[in-house]
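Colleague: I am new to this structure. Could you show it to me, and then take my questions one at a time?

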Amino acid sequence: MASITSKLYSDDVSLLVVLLDTNPFLWSGENTTTNSLSFPKFLTHVFSFLNSILLLNQLNQVVVIATGLNSCDYIYDSSSSPTTVESLENGRMPALCSKLLQNLEEFLARDQELNKDESPPGIASSLLSGSLSLALCYIQKVFRSGPLHPQPRILCLQGSSDGPEQYVAIMNAIFSAQRSMVPIDACVIGAQHSAFLQQASYITGGVYLKPPQLDGLFQYLSTVFSTDLQSRSFLQLPKPVGVDFRASCFCHKKTIDMGYICSVCLSIFCLSLVRLTLVLLQLQTGRGRLQNPSSILD
Amino acid sequence: MPQVKIIAKNFMDMVAALPAMKLDKLYDNTFICEAVLRSLPPLAKKYALQMLYIDVPVPVKSMEEWVLPDGFSKHRVAIDRLIQLRVFIENTDRKRETSYLLHPKFKSNLQKYLVYGGVLPREPMPSNITVRLPTLEELDAYALEQWECFLLQLISSSHAERLTNFSPSMMKVFQRGLLSQREKGPRLTESGFQFLLMDTNAQLWYIIREYISNSEDRGLDPADLISFLLELSFHATGEAYNINTLTEIQRSIIKDLADLGVVKLQQGRKESWFIPTKLATNLSVSLSDSSSRKQGLVVVETNFRMYAYSSSKLHCEILRLFSRVEYQLPNLIVGAITKESLYNAFENGITAEQIISFLQQNAHPRVAEKIPSVPENVTDQIRLWETDLNRVEMIPSHLYDEFPSKGVFEAACEFARENGGLLWEDPKKMRIVVKGEIHMQMREFLRHQKQ
């Protein structure tokens with residue numbers, strides 16, 4: 001597990017990238033836990049939390065990315081908008097809320113158009129891997145902007161269940177976050193725990209929390225997730241009781257407990273395959289001689 | 001609870017030293033609450049934030065449960081700060097258990113901020129009236145020029161090209177503590193040198209602190225000044241604000257602030273307005289002890305040569321404090337760090353750490369990315385030269401000789417050791433050296449021994 005304190009920042013200026021789950025199947029009321037928290041109420045908690053982050057330090061930045069069903073996009077970037085004149089036009093709602101809501105509406109309309117082709121049963125999973133990648137790209141840009149940059153971290157507000165087909169992409173994103181020493185925090189607002197997010201926070205050194213009472217979401221957010229990276233080493237933050245390390249197989253994208261692993265490329269399979277696509281391709285380019293395909297599998 | 005006397009080391013300490021009634025009145029203003037929150041250490045900020053919506057007093061023990069054992073000192077520092085600034089109010093109930101509650105005005109103001117977002121204290125003037133608004137670069141240049149002129153006048157009136165509008169008595173107030181009168185003229189004291197090596201925001205806060213402490217003699221209420229200055233930091237740089245929106249008191253100090261380079265005053269046909277500069281909006285950033293984030297300009301090479309990309313006289317004076325300035329080109333100051341120049345600096349009271357931190361904080365962006373930004377051989381050598389002056393340590397002491405017997409000698413050694421004054425003993429020749437402070441006690445003891 002990478003240690004965050006190895007990159008010594010001298011002050012508490014932070015860049016917080018929030019990944020909002022906007023899966024319509026999650027918020028449409030079929031799920032019993034989210035019945036206690038409707039989407040508008042959820043947004044008010046999130047807005048207050050974003051305002052509180054911007055209050056803590058003049059140089060703090062907030063970026064919001066929406067995780068939709070088929071796509072993800074940047075919704076709001078606090079460093080891009082000058083705050084002065086626009087706030088007067090909207091009456092009492094400050095610029096942050098109005099801009100964010102406007103962009104969110106446009107995003108949801110675009111996302112829904114992509115959805116018309118297929119209608120999956122049950123609650124489909126949202127595209128977490130896409131939004132994680134978007135977040136990491138933004139953070140890389142910030143790293144390259146010069147020696148003085150805010151400390152970045154990612155917060156996932158996720159409710160939909162994990163999609164096993166995204167396993168590979170999410171694990172890749174987690175390892176690159178670990179490499180750049182960016183912690184991934186997770187606040188799960190759905191009904192069940194998320195194995196991917198547990199692994200993400202365990203590996204990158206972030207915090208995983210499933211709040212038992214969603215009415216008080218803001219309090220959980222401000223108590224646990226608002227601390228900057230330096231202060232985290234002094235505080236008792238929630239530790240996961242047990243991390244679900246289950247993987248999903250590469251062939252059928254099902255979650256499995258026991259499986260077969262190729263000793264060459266470390267890909268995971270649930271059935272013993274005679275033809276091993278990944279390794280065969282490598283060997284056919286002349287790296288070695290293939291005697292008996294089934295002897296490769298251990 | 002009796003207030004411990006706080007020596008006002010910096011601006012926030014001065015705010016904390018205000019009497020409780022005045023501090024409560026200050027918290028009526030939302031901007032002061034925000035500025036105070038931003039000035040807290042990071043752990044204290046978190047505590048204040050999470051207590052915002054808790055209406056019940058939280059016992060001390062449950063707050064301590066949030067902290068890991070090795071973070072306890074930081075926790076104590078944070079809590080002390082919160083109590084000093086009266087953000088946290090302690091109350092003790094009948095069971096003798098203390099608990100904390102957030103200051104009610106502070107709480108309600110920040111709750112409003114969280115829901116409605118930040119609201120500006122006053123609105124900028126429409127652009128059809130404000131003509132000839134300076135660009136941001138011009139504004140920065142103006143602020144820098146004003147500030148440097150002020151500093152040069154502060155150090156020595158002869159160097160300044162033009163004098164600011166501060167009265168000589170005001171300047172004397174600022175110079176108190178920084179300069180001392182000698183026969184040849186005013187010379188910088190040790191704190192004066194340290195003042196010069198601080199970064200701009202810290203210097204600005206020092207001057208403002210002196211200004212405010214002096215304001216009571218002139219009949220102005222320090223709380224009003226503090227609230228105006230903190231409010232000023234929330235304005236937008238480069239926007240014009242009407243002077244009519246200021247109160248009487250604020251109008252009287254806006255001219256002084258213009259001299260410092262914090263705002264720029266401009267006159268239109270009918271109205272006049274002020275424009276906050278970067279110095280104003282950076283005021284709240286530097287309230288907490290964080291490192292400055294400005295662009296550096298000094299490159300130090302491994303051969304002890306120093307290049308500073310600046311054309312300001314002030315930088316030249318500062319670099320002259322500890323290095324030998326060789327050439328001054330239109331955009332470059334070339335110097336060398338030599339043994340003589342450093343000995344000169346040490347004699348004036350500057351420490352090696354201050355010089356090294358000045359060089360590191362002002363490192364040019366090209367070298368700032370390298371680790372270390374200042375070459376190690378230079379920093380090591382500066383420290384070595386400093387310890388050169390400390391090679392010999394002198395302690396006043398006394399030598400005792402010709403003891404009558406071994407027993408008396410042993411007793412004398414024991415006595416000296418118990419009182420912590422034994423420096424050296426020689427059992428063979430029976431000689432002992434003790435610290436000067438216990439000389440009288442040793443004499444008494446030995447007199448008793450003789451009897």
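Modeller: Two strands pair if DSSP finds at least two bridges between them, and strands are DSSP runs of E with at least two residues, numbered from the N terminus. This is a predicted model, in which local features need pLDDT of at least 70, side-chain atom pairs count only at pLDDT 80 or more, and totals for chains, interfaces and linings use all residues. Residues are numbered from 1 along each chain as its sequence is written, chains are lettered from A and ligands numbered from 1 in the order in which they are written, and side-chain values use heavy atoms, with hydrogens and water left out.

Colleague: Which residue of β12(B) is the bridge partner of Arg305(B)?

Modeller: Arg305(B) has Ala336(B) as its bridge partner.

Colleague: And how many bridges join β11 to β12(B)?

Modeller: Strand β11 (residues 324-328) of chain B runs antiparallel to β12(B), with 4 bridges. Val325(B) is partnered there by Gly335(B). β11(B) and β12(B) form a hairpin, with 4 residues between them.

Colleague: Which way do the residues of β12(B) point?

Modeller: Ile333(B) and Gly335(B) point one way, Val334(B) and Ala336(B) the other, and all are buried; buried means under 20% relative accessible area, with a 1.4 Å probe and protein chains only. In a regular strand, side chains alternate between the two faces of the sheet.

Colleague: Changing topic, how many helices and strands are in chain A?

Modeller: Chain A has 9 helices and 10 strands, helices being DSSP runs of H or I with at least four residues. Of its 298 residues, 52% are buried.

How values were computed:
Buried means under 20% relative accessible area, exposed over 50%, partly exposed in between (1.4 Å probe, protein chains only).
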